[in-house]
Amino acid sequence: MKTNRKIFLLLFLFITVCSFSQNKWTTLRISDTFSPKNDISAIQFDKAGNMWAGTWCGLYKMIDGKWESAGNQNAYIQAFYIDNQNAKWVGAWGGGLSKSDDGASWTTIKDIQPAGAINIVTADREGTVWFGDWNCGVLSLKNSKWTSYKPEQISLGDNTVTSIACDSKNNKWFGTYHGITVYNELTGSKLYNRENSKLPANDVYSLCADSKNNIWIGTTNGLAWFTGKSWTIYKKENAGLPSNLILSIAEDQKGFIWVGTDKGVSLFNGKKWTTYTVENSPLVDNRVQTIKVHQNKIFIGTGKGISIVECN
Amino acid sequence: MDRRNFLKTCGLTSASLLIGSDAFANPFSELKRTPQIKPIMGSWFEFTHGYAPEGKYWNSVLPQFTEAQWKAKVWEISETGMQYLVLMAVANAGKTFYPSKLQPQYDYACSDPLETILSAADECGIKFFVSNDFWGNWEDGNKLMTDSDVLKLRETAMEEIAEKYSHHKSFYGWYYPNESGLWNTIDETTINYVNRCNKVAKELTPHSVNLVAPYGTKSIRLDDNYVRQLERLDVDIIAYQDEIGVKKTKVGYAGKYYEGLYKAHAKAGRARLWADMEIFEFEYDVYKSALIPADFNRILKQMEDISPFVENILVYQYMGIMNKPGSSAFVGHPGSTKLYTDYMNWLKAQE
């Protein structure tokens, strides 16, 4: 029995070391010091392939390996998104919503006032841009026309929208503090919460619609995988996630799911979970606030910089 | 992977093999001893909630509270291990919560709730930060901080309160309740208001320990300018609001703000850093619906996130949000007993 355990231990160590050595890690920081400029809220790539980072102290663009301020200096950026027209959208705490077509000159959007503060910006496959507000529900922009959606119109849990995901079936998923809503212009809307589903908490912080049209839901009490019919809940207790507080989710090009928590990031290959933390990997910070997949690289935005994982 | 990380990984992997099976088997692993998490050391305490829709579950009950019930409530809080209570207001909307020469008194079943709770606190060892306001519309904080008439009224009231109640052992200090909204830094209005209050407080009660609880925590720019403003702010304790309940900050994010504050306060070397942690959520929309108890899972994560950086965690608030099952002074949402029980179970596991 003891021999088996030793063999198992050695095998486990070998696999663990190999799995780390297969991935190349790089760290990027916007400032060399303890700074809100390293507090990353969003990572995006423009049509030219340049990386942009929304931070708690402004927006930055990487040009020739160096970060340059891209406006919104000193803004508390909560949301940043580049749409399929290459327009840049910034949602700032206390700063409203602003847009730039060229990435240099910015216009504050006044059409949607009085939006409090934008928590999230994303777009669906038809190019409609969707906005989740701190206390004004959901807004959308399609062909220059703004539409506002309130809880009673589309079964939103409440007016604080933390996260939005759009799947290929034209469903929009909205995370709030009172559950998650699926909305489809043709088929209507439905709210899922703890009372009518297996959602592990009503506080939904992050969403990801995967390539198979399943929805991954990050809550304050674990991760839910919803196929539209069945629910699977992944938690620290049953999956080995480093924490049940799920801050960010993304699917990579292999269809693997990356899950950011306040205590590290986990990778799920469909069968097995692997967790990376500052203790066992070069991850720059355990507070994983945003994840962006771009050209076979995983860009992990944390409270203290960006870790890039190059997958083999 | 470098050598340091390799060794760490080996150690962690080995450790996880040894402890892994137990950790996964126990669904209540959060209830294990977690010495890195500080317990709740105190709470805000109010005679009424200023914004009625938020106080839906307790505003109508508190005026009926008898002297025995006010005492029981203080004792009940003390039994949770909390040591500090922060009284939100001694007056509200032109009426007082104690017999005063300055304004008419609220018609409460208990003739002097302030005397009652301080007496109970004397007996059970609770330390009270006693409010010095709201001598005007609490929603107009800027006016309350800057208006000369309000200032005179407030300072006269402080004299009256000190005269009537500062003999209590539980009269630990003052709370200046006009909430300063921090945006980038501490503004001059706040500094003038707090420093003036503190000057009067120290004259009346030289040994008082005094507290403010600003909001806007996540918007502070923790730079040298902030340190300079902190140095100028004459107050003993700053309990920053974590703003999780009002949905301005997500759970898991607050810790980084307090980490920065910890560094700034260490540099300034003046006010002590405490937390005003929100243990409520909104029943429906933020600022438009009732405050109800948050899930303890969420609250425990809040506590864990900020514990490394703050000296004490106070909560907003026990009243209406927590209740001991079977309490003779029950007031609040029905779910408040579950939060109480969940917290006390966790606390017992720490012994």
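A residue is taken as buried if 20 or more other C-beta atoms lie within 10 Å of its own, as exposed if 12 or fewer do, and as partly exposed in between, with C-beta atoms placed from the backbone. The structure is a predicted model, in which local features need pLDDT of at least 70 and side-chain atom pairs count only at pLDDT 80 or more, whereas totals for chains, interfaces and linings use all residues. Residues are numbered from 1 along each chain as its sequence is written, and chains are lettered from A and ligands numbered from 1 in the order in which they are written.

By the burial criterion, helix 9 of chain B (residues 296-306) is mostly covered, with eight of its 11 residues buried; helices (H or I, at least four residues) and strands (E, at least two) are DSSP runs numbered from the N terminus. The buried residues of helix 9 of chain B are R298(B), I299(B), K301(B), Q302(B), M303(B), E304(B), D305(B) and I306(B). Their cover includes helix 8, strand 9 (272-278) and strand 12 (313-316) of chain B, where two residues are in contact if their C-beta atoms, placed from the backbone, lie within 7 Å.

Helix 8 of chain B (residues 254-268) also meets helix 7 of chain B (residues 224-232), the two axes coming within 9 Å and crossing at roughly 55 degrees. Axes are lines fitted to C-alpha atoms, for helices over the stretch in contact, and angles run from 0 to 180 degrees between N-to-C directions. Helix 7 and helix 8 of chain B are therefore oblique to each other, given that angles under 35 degrees count as roughly parallel, over 145 as roughly antiparallel, 65 to 115 as roughly perpendicular and the rest as oblique. The contact is formed by Y226(B), V227(B), L230(B) and E231(B) of helix 7 of chain B together with A264(B), H265(B), K267(B) and A268(B) of helix 8 of chain B.

A second pair in chain B consists of helix 5 (residues 148-165) and helix 6 (residues 188-204), whose axes come within 10 Å and cross at roughly 25 degrees. Helix 5 and helix 6 of chain B are therefore roughly parallel to each other. E155(B), M158(B), E159(B) and A162(B) of helix 5 of chain B make this contact with V200(B), A201(B) and L204(B) of helix 6 of chain B.

In chain A, the secondary structure comes to three helices and 28 strands. Of the 312 residues of chain A, 51% count as buried, and its C-alpha trace spans about 70 × 50 × 30 Å along the principal axes.
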